[in-house]
Amino acid sequence: MADQEGGDFVSQLVDLVKDISGLPECRNALRKMYGNLMRRVKLLSPLFEELKDNEQKLDDGDLQGLKTLRIALNLAFQLLKSVNDGSKIFQALQMDKTASKFHVVTTQIEEALNQINYNELNLSEEVHEQIELVHVQFKRAKERMDSPDLHLQRDLNLTLASMGNEPDLETLKRLSENLHLTTINNLKRESIAIHDMVISTGGYPEDSFEMMSFLLRKIKDYVMLKNPEADNSEGEKSIIRHRSPVIPDDFRCPISLELMKDPVIVSTGQTYERSSIQKWLDAGHKTCPKTQQTLLHTALTPNYVLKSLIALWCDSNGIELPKPNHKPGRPGSECDRTVIGSLLKKLVIGDSDEQRSAAGELRLLAKRNADNRVCIAEAGAIPLLVELLSSPDGRTQEHAVTALLNLSINEANKGVIVGVGAIPEIVDVLKTGSTEARENAAATLFSLSVVDENKVAIGAAGAVPPLIELLQDGTPRGKKDAATAIFNLCIYQGNKVRAVRAGIVGPLMGLLRDASGGMMDEALAILAILATHQEGKMAIAEAEPMGVLVEVIRTGSARNRENGSAVLWALCAGDVRSLKMMKELGAEEVLKELSENGTERAKRKAGSVLELLQRIDESVETVIGS
């Protein structure tokens with residue numbers, strides 16, 4: 001069994017050395033350390049090959065040594081692989097830390113080799129001599145750690161010390177050559193490596209991220225300055241034309257370090273290229289890549305001012321700015337995208353008349369079709385529309401809140417609207433806006449309250465009292481909007497309490513008694529849901545609703561009879577006074593008819609109330625009999 005185990009370990013070691021030998025040449029700041037470790041590991045191959053071919057028996061000490069060696073070589077393989085992948089600039093900045101890792105791995109390999117007794121193994125003379133030589137090399141490397149490239153470290157420090165000024169061109173030349181970043185293709189791969197590293201790791205501390213970005217920018221500027229057409233495709237040559245001006249830092253995306261085509265602002269105020277920051281957000285990150293601050297929301301707002309400045313700079317420098325890539329496959333949306341983009345520009349930099357007009361057009365576009373609702377949100381309109389909710393211009397406010405209402409039809413947009421902090425602003429419109437604005441604010445709150453967690457937020461923002469006011473003094477349409485919003489909010493227990501304490505029962509009873517008002521359905525539905533809470537039940541009982549409820553059950557629609565019976569059941573359960581009052585009103589016959597001909601829910605409620613009435617009769621008979 002031990003022989004089999006030893007043979008397995010030897011085979012694994014043979015394969016592991018082959019994997020290490022197959023790694024590509026290192027072309028970054030760590031190439032010396034990388035090359036030394038790889039060369040030494042390769043020299044172990046004859047030992048493992050000979051042990052495998054001879055199928056030698058190994059004692060426990062040798063077997064333990066091979067196990068330890070396998071662990072150490074696995075670590076070496078992972079270290080070599082990690083060093084050769086990713087950003088060259090990052091590896092250069094991490095030279096000291098990585099040198100320590102190489103020393104740790106070298107030490108582990110040497111200590112594992114110490115556990116193997118070569119003299120007891122049946123090795124050829126050549127292999128025995130080679131292994132002794134390799135072991136000596138590992139001992140020396142263990143005692144004297146490989147030092148990083150001191151010249152490279154000096155050039156890095158000199159360049160970083162010049163942040164805010166232009167670094168020395170000779171220093172940049174040496175950095176470019178030592179890091180093998182001498183062509184546009186090299187630089188593109190480096191930019192992608194930094195970008196992918198930021199995305200996959202959640203970003204770096206701000207200072208490290210700034211250093212990497214600065215070094216790549218300066219090396220790229222140097223390469224472009226000295227050889228503007230090196231390694232460029234035809235498309236790139238047409239962009240660069242006959243000269244290659246240095247791109248202002250403010251025009252570069254902090255993630256990709258490329259000239260921005262579609263700059264957008266995140267909630268921290270930082271600007272990024274849309275595609276780069278979207279990739280970051282899609283990876284699940286909730287922070288700003290540059291500042292590491294938590295994002296209050298994930299909406300992206302177009303930076304039209306910066307986009308205009310970039311366009312002017314490109315024009316004056318003879319650079320053709322590529323068109324931003326939009327998501328493909330959105331049928332019939334290209335024309336609308338152009339229109340939407342120009343409208344959003346007016347929202348950002350237009351005067352009050354232009355903002356009013358643009359908000360009105362967005363309102364209509366959002367109403368028109370589902371594609372427009374998606375495109376408008378993707379373009380970053382929602383935060384801009386939320387800002388307009390506080391506009392002193394009443395018409396602009398109406399357009400903004402109605403546009404948000406139309407956008408909220410899309411489920412994903414609901415989350416964006418809430419995420420940018422729109423709920424308190426919508427509640428303010430509900431309190432102080434024009435009649436139309438208040439009505440559409442109520443409808444928007446209803447739309448958002450479809451999501452359960454939003455019910456809590458809307459109630460906490462103080463929406464219930466102004467909704468009750470609208471229920472009382474609004475237009476017929478306004479009352480309907482207020483009632484549907486209140487009903488939906490009151491599914492959450494906390495909002496039931498808020499509604500009752502805000503005095504909703506009185507207005508509801510008024511609507512219930514006014515048969516010509518057209519609000520009986522909504523009033524009964526809200527009463528039925530309030531009656532499931534103790535405070536709601538007590539408030540309804542104080543309003544003396546028995547007479548009107550019995551009349552509703554006698555003459556109302558199927559839905560109203562159902563809700564009326566639900567309210568009756570809630571009021572009568574455990575309340576003898578209410579039961580006696582119902583009996584006096586002749587409710588038994590009405591309830592019997594409902595228990596036979598109502599909806600299933602109405603039948604159950606009516607039957608339950610009849611049982612309570614029957615118990616009252618039995619109690620009275622018992623008292624009389626005694």
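Analyst: Let's start with a cut-off: buried means under 20% relative accessible area, exposed means over 50%, and partly exposed is in between. Keep in mind that this is a predicted model.

User: Okay, so why is L13 called buried?

Analyst: L13 has a relative accessible area of 0%. The cut-off for buried is under 20%, so L13 counts as buried. You'll find L13 in helix α1, which covers residues 2-21. L13 and N74 sit 61 residues apart in sequence, while their C-alpha atoms are 9.2 Å apart in space.

User: What makes V348 partly exposed rather than exposed?

Analyst: V348, in helix α15, comes out at 33% relative accessible area. Exposed needs over 50%, and buried needs under 20%, so V348 falls in between and is called partly exposed.

User: How do you know that V348 belongs to a nonpolar patch?

Analyst: A patch takes residues with over 30% relative accessible area and no salt bridge, and nonpolar side chains are joined within 5 Å. V348 has 33%, so it clears the area cut-off. The patch on the surface is V305, L309, L312, V348 and I349, with about 430 Å² of accessible area together. Two elements give two or more residues each, α14 (304-316) and α15 (334-349). The largest share, 3 residues, is from α14.

User: What makes phi of L257 worth a remark?

Analyst: Phi of L257 is near 65°, a positive value in a residue other than glycine. Most residues other than glycine have a negative phi. L257 is in the loop between α12 (234-240) and β1 (263-265). At 3% relative accessibility against a cut-off of under 20%, L257 is therefore buried.

User: And E544, buried or exposed?

Analyst: E544 has 58% relative accessibility, and the cut-off is over 50%, so E544 counts as exposed. Phi is positive for E544 too, near 50°, and this residue lies in the loop between α29 (534-542) and α30 (546-555).

User: How many cavities of 30 Å³ or more are there, and what lines the largest cavity?

Analyst: The count is 1 cavity, with a volume of about 80 Å³ for the largest. A lining residue has an atom within 4 Å of a cavity point, and the residues that qualify are M33, N36, L37, R40, A99, F102, H103, T106, A141, M145 and D146. The elements giving two or more of them are α2 (31-42) and α6 (95-114). By class, the lining has 6 nonpolar, 3 polar and 2 charged residues.

How values were computed
Residues numbered from 1 in each chain as written. Predicted model: local features only at pLDDT ≥ 70, side-chain atom pairs only at ≥ 80, totals over all residues. Heavy atoms only, no water. 1 Å grid on protein atoms, 1.4 Å probe; cavity = no way out; pocket = protein on both sides within 12 Å on 5 of 7 lines; lining within 4 Å. Points joined across faces, edges and corners; volume = space filled by probe spheres on them. Helix = DSSP H or I, 4+ residues; strand = E, 2+ residues; numbered from the N terminus. Nonpolar A, V, L, I, M, F, W, Y, C, P; charged D, E, K, R; others polar. Patch = residues over 30% accessible without salt bridge, like charges linked within 9 Å, V, L, I, M, F, W, Y side chains within 5 Å. Areas by Shrake-Rupley, 256 points an atom, 1.4 Å probe, with all protein chains shown as cover. Salt bridge = Lys/Arg side-chain N within 4 Å of Asp/Glu carboxyl O. Buried < 20%, exposed > 50% of the residue type's maximum accessible area, 1.4 Å probe, protein only.
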